[in-house]
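Here are my notes on this model, point by point. Have the structure open while you read, and follow along residue by residue.

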Amino acid sequence: MTTEASAGPAGAEALYRETVEGLGTVHVRRLDPARDADVVHSWVNEDRARFWGMGETSREEVRGIYEHLDSLTTHHAFLIVLGDEPVMLFQTYEPEADRVSECYEVEPGDIGVHLMMGPAKGSPRPGFTAAMLRVLVGHVLADDGVRRIVAEPDVRNAKAIDQLRRAGFELGPEIVLPEIDLPEVFLPEKRARLAILSRETAETLR
């Protein structure tokens, strides 16, 4: 496993790189709103991505959403790539700059995450999602200032909640994220389940 930045297969900078047994080398790179709009658009408009909240958006709308996100210093979007194939989209954010801060007591060193797996291709790969979650956690914890990873999946998304639990996240209470209606972004009210992974727990599991 390595965390050095290097050139990815498509010329993008690999921010984190890890070799996963049985799969090969996986790397994390920043999402490019222009280059990656097609793949993200195809993912978010699938029924399985309904909890992502971007269903029925056009390619141009997807690009605009991630261009706005890319302009922020508190929120960032990334792709996990296996070979040349994007397999997971995830976003990180500073909880103090997010509506989740109204729902729990933010501690120094907290970082929030949203994540979505890409569509499965080929034969089933048992443990694939768990492996990509470990890569995500490894990338986030490569920042020594991060002490806890905070997630808040939709309370109806039982599959995602169970995946986080099995990855070592401690499940907390149900919370209600308030609606946000701004010129740049609209987010409806969301009932979610708080889930937190401490650095100490993550390091014992890796």
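**Notes on the sheet and what surrounds it**

1. Let's start in the sheet: strand β5 (residues 75-82) runs antiparallel to strand β6 (residues 85-93), and 8 bridges hold the pairing. Pairing here requires at least two DSSP bridges between two strands. H75 has Y93 of β6 as its bridge partner. Helix α2 (residues 59-70) packs on the sheet and touches both β5 and β6, its direction making about 115° with that of β5. Such angles run from 0 to 180 degrees between N-to-C directions, with axes as lines fitted to C-alpha atoms, for helices over the stretch in contact. Contact means heavy atoms within 4.5 Å.

2. Some housekeeping before going on. This is a predicted model, so local features need pLDDT of at least 70 and side-chain atom pairs count only at pLDDT 80 or more, while totals for chains, interfaces and linings use all residues. Residues are numbered from 1 along each chain as its sequence is written, and side-chain values use heavy atoms, with hydrogens and water left out. Helices (H or I, at least four residues) and strands (E, at least two) are DSSP runs, numbered from the N terminus.

3. Now the whole sheet. It is open, has 8 strands in the order β3-β4-β5-β6-β7-β8-β12-β9, and its pairing is mixed. At the edges sit β3 (16-20) and β9 (170-177), each pairing on one side only. From one strand to the next, the twist averages 30°. As a reminder, strands of a sheet pair through backbone hydrogen bonds, either parallel or antiparallel.

4. Of the 5 residues in β3, 4 are buried, so the strand is mostly covered. (Buried means under 20% relative accessible area, exposed over 50%, and partly exposed in between, using a 1.4 Å probe and protein chains only.) β3 pairs with strand β4 (residues 24-30) in the antiparallel sense over 5 bridges, and V20 has G24 of β4 as its bridge partner. The hairpin of these two strands has 3 residues between them, and G22 there takes a positive phi near 85°.

5. Which residues of helix α1 (residues 37-44) are buried? They are A37, V40, W43 and V44. They cover an arc of only 130° around the axis, which puts them on the same side of α1. That arc is taken from the directions from the helix axis to the C-beta atoms. What covers them includes α2, β5, β6 and β7 (110-117).

6. Leaving out residues up to four places away in sequence, V40 touches L31, V62, Y66 and L89. V40 and G118 are 78 residues apart along the chain, and their C-alpha atoms are separated by 8.7 Å.

7. E56, in the loop between α1 and α2, is one to check by eye. E56 has a positive phi of about 70° although it is not a glycine. It is exposed, with a relative accessible area of 78%.

8. Helix α3 (residues 128-141) checks out on length: at 1.5 Å a residue, its 14 residues should span 20 Å, and its end C-alpha atoms are 20 Å apart, which agrees. The expected span is 1.5 Å times one less than the number of residues. Of those 14 residues, 11 are buried, so α3 is largely enclosed by the rest of the structure. Among them are F128, M132, L136 and H139.

9. Last, F169 in the loop between α4 and β9. F169 counts as buried, at 4% relative accessibility. Setting aside neighbours within four places in sequence, F169 is in contact with I149, A151, L164, A195, I196 and L197.
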